[in-house]
Amino acid sequence: MDSREETERFKAAKDLVNQLSIVLRTSHIHDPNNVAVASVIDKLVAMVNYLISDERILCLELRGEFFYLNDYRIRYSLEYLLNFDFLIREFKKRELGSVTFKDKVGPEDIKLFVRAFVSSAFSQTPYEAIEGKVSESRNMAVGRLKKVVEDDAVEPRKMVKKTYFNAVSYTQGVINKIKSGEKVSIRKAKRVVETMVDHIIEEEQLLLGMTAIKEYDEYTYHHSVNVSILSIALGQRLGLNRKMLTELGVVAMFHDIGKMEIPNEVLNKPTNFTDDEWGIIRRHPVWGLKAILKLKKLDELTIKSAIVAFEHHLNYDLSGYPKIVKAIEMDFFSRIVSLADQYDAMTSSRVYSRVPMAPDKALSIMMERSGTQLDPLLFKFFINMVGVYPIGTLVMLTTRELGIVYESNQVFAARPRVMIIVDGSGSKVKGYVVDLTEKNEKDEFIRSILKTMDPNKYRINLAEYLL
Amino acid sequence: MSEELRKVKDIVQSFQKSKKILRMYPANNPIYLTTLENDHKRFKEFFYYRDELTLKIRQNEMFFDAEQVYFNPDKDDNLSLFFFKDGLRELTFRKGLSYEELEDFFKIISLDFNSEVLDDDIVTLFWEKDFQNIHYVVDETVLSDDEEYEARAMQELEKKETEEDNLLKAYEDAFREEEVTKEASIVPLSDKDLQLLLKDLEKDSQDKASKLVDLLLEVFRTQSPNDYDDLVSFFGNAFEYIIQRGNIQTAAQTLSALKQFAEQKQTDEEARRHVRKIVLMAGSEAVIMLLGEVLDSGLEIEEKLFEDFVKHLDKNAIVPFMKILGELKSIHARKLVIDALILLGTKDIVTLARGLNDSRWYVVRNIIYILRKIGDKRAVDYLLKTVRHGDIRVKKEVIRALGELGGGGVLQALRECLDDADGQVRSAALKALGNISSEAAKRITMNKVSEKEFRDKEFEEKKEYFEVLSRWKDNDLYEFLMGTLKKKSFFRRARNYESRACAAYCLGLMGNKDALSLLNKYKNDGNKLLREYAATAIRRLEHGQ
């Protein structure tokens, strides 16, 4: 198969997922015999049969947040974002993990599946309901959603940790090199960020978890990496391709480079800043722009980095600093980095305000700033990404257990996975992870979040639980 | 040695060769195509035995199934080291490997990674390609400057273990404190959100250089003079970048904005001085040479935009523009540069005139044309030195220019040119005299006609003289023509009739009806030429034909 043909088939795979989503969405409104549904089903049938002619069998599988067709991950573009999200959500709700087309299908096969799928929403055991009905078809089969086994996550967790610390170490090296007038390797920066991009694509929650840990000594370097990770993760939600995500990650990593010009006695001052000191702090965006433009020959990436270094403390409404004389429109990357920067700064303990905030509190403040200081559209994506209970949030559950949000839930935002650190009897426990979507035999949620608390207030070292 | 091992060795050996060939030849070259086809064939043959080929990479050697398939202890031309130094430790080719993927793979490995221009290493380029059938394993430790960093950071974190008392205090407080969480309210994304996002992304794909210069201008407006020197250098780099991309509009807008800033009352002298420096950088040789490349690339550039850019430049741009003028291949590009020099030349005629010493005739001719278009009489002194240029095309151009500019020394030069051995030069000089249209120019022309030797000129040249003379239309000339028309000769009568016919022709062109009575006398003359030209002149005078 030549590459053009291959590209076409990848497009066909993408279209197939999109079409399946359209069929199911339409079927939520109309009966499968309705003309509108029948026409979208016919289109789906044609797509399946086109692909199956070469592949002989087609298995569409949901793994994590991605669909795979015959083991190839389907990359989707922005135009398909909503339909993909819908399908992921609906599959997860029903614990449906895969749909296999064993041979060419006809409209009746699809109708059978659609009916099973739609009616399963009212079943207590949705997957079983679908499986039971689909087994009547000779040409189709379904599989249950595979749960992430905790042990399987150990290796990725190790790799993610390594990537994170590599990035921090690289950032520290860059700053030191610039300070001592040495040459900085942009090739390395790209490599570091590419690895982060890969992890965000495959293990978003693990890398986001690394940003929640705020107990490190070297805030500046960790902050740069955290902002880079949060920006990449947001960029991924916005449908940016891998190359753009890398650019965004590099740009975000260098956003605070101007801070190296701030005297250490100001940067590390344990008390509040004076007006003069604030004056110095407020110059770091301009210093950042200058530092980047001196770093290397001008190219697209340097320009983007310089723009973001200059604009990251400007607000959406152009308030903030540095003060702008002539109105400009903030760059897209700047608006992303600004969100990530504010969030990480607010939830960290060594920023100018010196008062670290609980992640959910930071989000609620950012919510108030949305539309004035923050881009409302990007914030909408951001909050969808970190969830209302971001990783690292200290939560009291209805079961009188105290825990830390360990992993967000993209489908049920209020029901993340939580690591229990104090059990219902008030005893410290080693930490086990519970899923707040779990229900008891009466179809009631076993645990829900009762309240959130500030982990910083109690000096809870998140690293103990998240690493 | 097994057959498959032999095939793997063949494949690895071919890497080195193909790497070189792809670097040397263009993609449509038969050697390039054959090499790739053979490489692809080798892989296909291997996949007959196995579904994938995995090469383990060490510093100086490569292994396949624990068998060494490559070894090179030298640093130079070491394929293994080439992969190893960027962290590649394993390279796997899968059965579905397409010709195009293989070509992309070789295109990447044939790049010059020692070049500073290349910002990507081999792994980044593989990563960006996102191959379906080429997989690799990398060792990320090569990215870290400090291999112990992770271990140290972890040790530090362990020291900060959460105290049990604090944890239990949190637990107790959880029951005491009033705060109860509000229900989560994530706003679902709508189609409208996606539309807005698409617009944002579309806008984001535009060139960022204009944004950068906007920010540099902001810094200029708001920062201290300590920043000015840096800004000059940044703007200089920005101009190179912008011009290289053919973004003339941004370059023009930037210069315009800088000038506006410099003209503002509140702008201090130091800032103005630096703006002038930036303008000089915009017209520097580096920038103009890049502009030349863009102009010659066939990129369509709007003349108005180009003019907007050039008009803001300073006279330092003249020399580089003259330099590229001789190097440009496209006519359109040369025309734009000529227009640029016409605009800029007014700022420094002396520098522009230096171009007249260029060794290339076409550059000299273009400079003469530019000086003529500028119309500054100061150029005459320089042009006069070019009158004796060895190339006829240059001579013609300079004579034309002198004719348009006039001024001291010009008439003498033109008079000399009327005696030039080349008819084209004589003709150009004659037209130039006509252009000057002064009394002295007329006198020179009339004197030339009166000379004995004039009779011996070819009829067409004689006619040209009289055509030129007709421009003066004064009585002096009228009398001169009447005299010539009447003039009889016993010797070389045919030649004399030519001169008389030309005089008749000229009287017709002059439009003076007083000449009709005399012309009527010759309309039936025995000489055919005189008869015809007299008749033509009469028609012209009577009917304006």
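Mentor: Two residues are in contact if their C-beta atoms, placed from the backbone, lie within 7 Å. This applies here to a predicted model. By that criterion, Lys462(B) touches Lys457(B), Glu498(B), Ser499(B) and Cys502(B), leaving aside residues up to four places away in sequence.

Trainee: Where is Lys462(B) found, and what makes Lys462(B) count as buried?

Mentor: Lys462(B) is found in helix α24 of chain B, residues 459–469. A residue is buried if 20 or more other C-beta atoms lie within 10 Å of its own. Lys462(B) has 21 such neighbours and therefore counts as buried.

Trainee: How far apart are Lys462(B) and Glu498(B) in sequence and in space?

Mentor: They are 36 residues apart in sequence, and their C-alpha atoms are 7.9 Å apart.

Trainee: Why is α20(B) called roughly parallel to α22(B)?

Mentor: The axes of α20(B), residues 392–405, and α22(B), residues 423–436, come within 7 Å and cross at roughly 10 degrees. Angles under 35 degrees count as roughly parallel, so the term applies to α20(B) and α22(B).

Trainee: Which residues make that contact, and how does it divide by class?

Mentor: On α20(B), the residues include Ile392(B), Ile399(B) and Leu402(B); on α22(B), they include Val425(B), Ala428(B) and Ile436(B). By class, the contact of α20(B) with α22(B) has nine nonpolar, three polar and five charged residues.

Trainee: What is the strand order of the open sheet in chain B, and why do β3 and β5 stand at the edges?

Mentor: The five strands of this open sheet follow the order β3-β2-β1-β4-β5, with antiparallel pairing. β3 (67–71) and β5 (134–138) of chain B each have a single partner strand, so one side of each is left without a neighbour in the sheet. From one strand to the next, the twist averages 25 degrees.

Trainee: What makes β1(B) and β2(B) a pair?

Mentor: Two strands pair if DSSP finds at least two bridges between them. Two bridges join β1(B), residues 52–57, to β2(B), residues 61–64, so these antiparallel strands meet the criterion. Lys56(B) stands opposite Phe63(B) in β2(B).

Trainee: What lies across β1, β2 and β3 of chain B?

Mentor: Helix α1 of chain B, residues 3–24, does, running at about 20 degrees to β3(B).

Trainee: How many residues of chain B are in contact with chain A, and which helix supplies the largest share?

Mentor: 67 residues of chain B are in contact with 74 residues of chain A. On the side of chain B that touches chain A, α9(B) supplies the largest share, nine residues. That side divides into 28 nonpolar, eleven polar and 28 charged residues.

Key:
Residues are numbered from 1 along each chain as its sequence is written. Chains are lettered from A and ligands numbered from 1 in the order in which they are written. This is a predicted model: local features need pLDDT of at least 70, side-chain atom pairs count only at pLDDT 80 or more; totals for chains, interfaces and linings use all residues. Axes are lines fitted to C-alpha atoms, for helices over the stretch in contact, and angles run from 0 to 180 degrees between N-to-C directions. Helices (H or I, at least four residues) and strands (E, at least two) are DSSP runs, numbered from the N terminus. Angles under 35 degrees count as roughly parallel, over 145 as roughly antiparallel, 65 to 115 as roughly perpendicular and the rest as oblique. Ala, Val, Leu, Ile, Met, Phe, Trp, Tyr, Cys and Pro count as nonpolar, Asp, Glu, Lys and Arg as charged, and the others, Gly among them, as polar. A residue is buried if 20 or more other C-beta atoms lie within 10 Å of its own, exposed if 12 or fewer, and partly exposed in between; C-beta atoms are placed from the backbone.
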